Amino acid sequence: MPETHLFPVEDKANPLLALGVRDFRLYWLALVTQVIGQHMFAFTLGWLAFEITGSQAQLGFIHLCGFVPQFALTLLGGVLADRIDARKLIGVAQINAAIAMILVGVTTLLGVAQLWHLALGAFLWGLSAAIDEPARASFFPRLLPRSLLRSAVPLISTAFGSSRVIAPSIAGFLIAAAGAPATFLLCAATVSTMIAVLFLVRPAHGVARPHGSLLNNFTESLRYIRANEVFARIIGAGLLNAILAMGFIHMLPVFAKDVLQVDSRGLGILASAVGVGALAGFLSYAWLQSRLSPRNLIVVALTVYNAALIGLAFSDWYWLSFCALLVAGLCHAYFLTCTQVLLQTLVEDHYRGRVMSVFALVWSLMFLSGFLLNVAGEWAGPRFALAGGAVIMLAYVWLSLVRAAALKNVVLAPKPG
C-alpha cells in the first residue's frame with residue numbers, strides 16, 4: 001500500500017501562520033483562556049470535595065457527575081454542530097458554564113457549600129462541555145482559509161491540550177494563595193471571554209448541512225469512522241487511554257496528601273510538572289513530527305507516558321514523582337496533538353462535527369477515569385489502581401496499534417534528508 005501524504009512535500013508552512021488571521025487569532029486567545037478556566041474549575045471542585053469529605057469515593061462521585069452529561073450528550077452535540085450554527089451553540093454552552101461556576105463560587109464564599117452543590121456544578125459543567133467541544137471543532141475551520149488549516153490544527157491542539165494540563169497547576173497555586181471561592185469566580189470570568197469574542201469574529205458560511213433524523217446522522221458518522229482504519233485506530237486508542245489512564249490528574253490530591261504527604265502548594269507544584277511537560281510537548285511537536293511517522297510517534301508517546309505513570313504510582317520520593325509527571329505531560333501532549341492533527345486534516349467538512357465529537361468523548365471519559373481510578377484506589381490502594389490501568393494500556397498499544405497497517409502508511413511530513 002502506498003504511503004498517504006497529508007501535506008505536499010514542498011509545503012513547509014509557518015506553524016504560527018494561522019495566527020496572522022485576525023478572527024482566528026481572537027478565537028484562539030479566547031479558547032486558551034476559556035479552557036484554562038474550565039479545567040481550573042474541575043480541578044478545584046475535586047480538591048474541595050476531598051477537603052470536605054476526605055473520601056476518595058466522594059471525590060470520584062464529583063468526577064462522575066461531570067462525566068455523565070458530557071458522555072451522554074457529546075455525540076448529540078456533534079450532530080447538532082453539523083446542523084445548527086456552531087457559534088450559537090458555543091455561546092449557550094459558555095453562559096451555562098459561567099452560571100455553574102458562579103453558583104459554586106458564591107456558596108463556597110458564603111461557607112454553605114455542601115457536596116451536592118459541588119455535584120450540581122460538575123453536572124452543569126459537563127452539560128456545557130457536551131455541546132461546546134464538538135461545536136468548537138466544527139467552528140474554527142470557518143475562521144480562516146482552508147490553506148491555513150494545517151497551521152491552525154496544531155495551534156488548536158496546543159490550546160486545548162496545554163490549557164487542560166496547565167490549569168491544575170494554576171488552580172493549585174490559586175487555592176493556596178486566595179482560596180477556592182476566588183478560584184471559582186475567576187473561572188467564571190475566564191469562560192466569559194469566549195462569549196465576548198463570538199460577537200467580534202465573522203466566520204465563513206459552512207458547507208451544506210445534513211438532512212434527516214439525528215439518529216441517522218449519527219449512525220452515518222459511525223459508519224464513516226469504521227470505514228477509515230486510521231480514524232478507528234487512533235480514536236479507539238484515545239478513548240481507551242481516557243478510561244484507563246487519563247484520570248491520573250484527578251488522583252493527584254490523593255498522592256499529594258496520603259502518599260507524598262504535602263499540602264496544596266506541593267500539589268500545585270506536582271500539577272505544574274504535568275503542565276510544563278505538556279507545554280514543552282506542544283512547542284516541540286512540529287520538530288518531532290518531521291522526524292517520526294505518525295504511527296511511531298503515537299506508539300512511542302503512549303509507551304513512555306504509561307511507563308511514567310507506573311513510575312509515579314510506586315514513587316515515594318516527591319521529586320521523582322515530579323519528574324514522572326513531567327515526562328507524562330510531555331508524552332501525552334505528543335499523543336493528543338498527533339491524533340487531533342490526523343483527524344482534523346483528514347476528515348471531510350460535513351462530518352467534522354460528528355467525528356470530532358466522538359474523539360471529544362476523551363475529555364468526558366477522563367472524568368469516568370477519575371471516578372474509576374479513585375474507587376479502585378479506595379479498594380486496592382492508589383498505587384495499584386494507577387499502575388493497573390497503565391499496564392492494560394501498554395498491552396493495547398503493542399498488541400493493536402503497532403500492527404495497524406493503515407496507520408503505518410500515513411506520513412505527516414517528509415523526514416529530513
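This is a predicted model: local features need pLDDT of at least 70, side-chain atom pairs count only at pLDDT 80 or more; totals for chains, interfaces and linings use all residues.
Residues are numbered from 1 along each chain as its sequence is written, and side-chain values use heavy atoms, with hydrogens and water left out.

Now follow α3 along. This helix covers residues 86-109, 24 residues in all, and reaches 35 Å from its first C-alpha to its last, close to the 34 Å expected at 1.5 Å a residue. The expected span here is 1.5 Å times one less than the number of residues. Helices are DSSP runs of H or I with at least four residues, strands are runs of E with at least two, and both are numbered from the N terminus. After α3 comes G111, with a positive phi near 75°.

Q261 also has a positive phi, about 55°, although it is not a glycine. Most residues other than glycine have a negative phi. You'll find Q261 in the loop between α9 (252-259) and α10 (264-289). Its relative accessibility is 66%, so Q261 counts as exposed. For the labels used here, buried means under 20% relative accessible area, exposed over 50%, and partly exposed in between (1.4 Å probe, protein chains only).

On to the charged pairs. Side chains of opposite charge can pair when their charged atoms come close. The structure holds six salt bridges, each being a side-chain nitrogen of Lys or Arg within 4 Å of a carboxyl oxygen of Asp or Glu. One of them joins the side chains of R22 and D23, at 2.6 Å from N to O. R22 is partly exposed at 43% relative accessible area, while D23 is buried at 11%.

Another salt bridge links E133 with R136, with the closest N and O atoms 3.8 Å apart. Both sit in helix α4 (residues 115-139), and because they are three residues apart, about one helical turn separates them. E133 is buried, at 8% relative accessible area, and R136 is buried too, at 1%.

R354 is buried at 2% relative accessible area, whereas E220 counts as partly exposed at 29%. Back at E133 and R136, salt bridges with shared partners join these two and D132 into one network.

What about the cysteines? There are zero disulfides in the structure, a disulfide being a pair of cysteine sulfur atoms within 2.5 Å. Take C65: the closest cysteine sulfur, in C187, is 18 Å from its own, too far for a bond. C65 counts as buried, at 14% relative accessibility. For C323, the closest cysteine sulfur is in C331, 13 Å away, also too far for a bond. C323 is partly exposed, with a relative accessible area of 41%.
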